[in-house]
Amino acid sequence: LVATQTTVIEAWVDERGEVVPLVPLITVTPRPAVDIWLLAAAIASPIVAARAVAHYAGSALSATAIKLSAKQLMAMPLPSDKRAWTASAKCFKDASRADNPADRAQAIQAFAEVSCRAHGLTASEQREMMAFWAKRV
């Protein structure tokens, strides 16, 4: 499930398929061979948030919120480094399953950093992206 009208792209994985979404949410259903955690990590990436802000910020109920349609979400870039993408998915999964806020925050930070590498950002680009993302999270 992907929340819309938020300051970053927020994804939540319903591993058992038991949740009925309400608006404003986008339901993402992966194809059978697609790893749901890789998909969630790609969607929740700071890079996707930055691109969405550049194209769609201010179109929701708040001037700082991002409002995406399913079609716009599907047009977002995928990571190019498969190894880093897989690592970011593990961090995202760890954050999703964390039992306490401190562990969750640490895993989310690791996810965001690895996600930047998965998209091929240089060290300086990654610092800028993390600063952007930290202000919005």
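This is a predicted model: local features need pLDDT of at least 70, side-chain atom pairs count only at pLDDT 80 or more; totals for chains, interfaces and linings use all residues.
Phe-92 counts as buried, because its relative accessibility is 5% and the cut-off for buried is under 20%.

The aromatic residues come next. By the rule used here, there are two aromatic pairs. In one of them, the ring centres of Trp-37 and Phe-92 are 6.3 Å apart and the planes stand at 55°, so the pair is tilted. Trp-37 belongs to helix H1 and Phe-92 to helix H4, and this pair links distant parts of the chain, 55 residues apart. Both Trp-37 and Phe-92 are buried. Phe-92 also pairs with Phe-111, and this pair is edge-to-face, with 5.2 Å from centre to centre and 65° between the planes. Because Phe-92 lies in helix H4 and Phe-111 in helix H5, the pair ties together parts that are 19 residues apart in sequence. Trp-37, Phe-92 and Phe-111 form one aromatic cluster.

How accessible is Phe-111? Its relative accessible area is 1%, so Phe-111 is buried. Leaving aside neighbours within four places in sequence, the contacts of Phe-111 are Ala-41, Ala-44, Ser-45, Pro-46, Ser-88, Cys-91 and Phe-92. Ser-88, one of these contacts, lies in helix H4. Ser-88 has a relative accessible area of 1% and is therefore buried. Not counting residues up to four places away in sequence, Ser-88 touches Ala-41, Phe-111, Val-114 and Ser-115.

The next step is the nonpolar core. The largest nonpolar core has 40 residues, and those that touch the most other members are Ile-9, Leu-68, Phe-92, Phe-111 and Trp-133.

Helix H1 can now be followed along its length. At the start of H1, a side-chain oxygen of Asp-35 comes to within 2.6 Å of the backbone nitrogen of Trp-37. Seven of the nine residues of H1 are buried, so the helix is largely enclosed by the rest of the structure. These buried residues are Trp-37, Leu-38, Ala-40, Ala-41, Ala-42, Ile-43 and Ala-44. What covers the buried residues of H1? The cover includes S1, S2, H2, helix H3 (70-74), H4 and H5.

Helix H2 spans residues 46-56. Ser-45 caps the N-terminal end of H2, with a side-chain oxygen 3.1 Å from the backbone nitrogen of Ile-47. Pro-46, Ile-47, Val-48, Ala-49, Ala-50, Ala-52 and Val-53 are buried in H2. The buried residues of H2 pack against H1, H5 and H6. His-55 also lies in H2, but His-55 is exposed, because its relative accessible area is 52% and the cut-off for exposed is over 50%. From C-alpha to C-alpha, His-55 and Lys-67 are 9.8 Å apart in space, and they are twelve residues apart in sequence.

Helix H6 contains Gln-126. Is Gln-126 buried or exposed? Gln-126 counts as buried, because its relative accessibility is 15%. Leaving aside neighbours within four places in sequence, Gln-126 is in contact with Glu-113, Cys-116, Arg-117 and Leu-121.

Lys-82 lies over the face of Trp-85, at 5.5 Å from the ring centre.

The strands remain. Three strands form an open sheet in the order S2-S1-S3, with antiparallel pairing. Strand S2 (10-11) and strand S3 (25-26) stand at the edges with a single partner strand each, so one side of each has no neighbour in the sheet. Strand S1 (residues 2-3) runs antiparallel to S2, and two bridges join them. Val-2 stands opposite Ala-11 in S2.

Methods
Residues are numbered from 1 along each chain as its sequence is written. Side-chain values use heavy atoms; hydrogens and water are left out. Two strands pair if DSSP finds at least two bridges between them. Helices (H or I, at least four residues) and strands (E, at least two) are DSSP runs, numbered from the N terminus. Buried means under 20% relative accessible area, exposed over 50%, partly exposed in between (1.4 Å probe, protein chains only). A nonpolar core is a set of buried Ala, Val, Leu, Ile, Met, Phe, Trp, Tyr and Cys residues joined through side-chain atoms within 4.5 Å. Contact means heavy atoms within 4.5 Å. Rings of Phe, Tyr and Trp (its six-membered ring) pair if their centres lie within 6.5 Å; planes under 30 degrees apart count as stacked, over 60 as edge-to-face and the rest as tilted. A charge sits over a ring if NZ of Lys or CZ of Arg is within 6 Å of the ring centre and within 35 degrees of the ring normal. A polar contact is a pair of N or O atoms within 3.5 Å; within protein, one must be able to donate a hydrogen and the other to accept it, and residues adjacent in sequence count only if both atoms are side-chain atoms.
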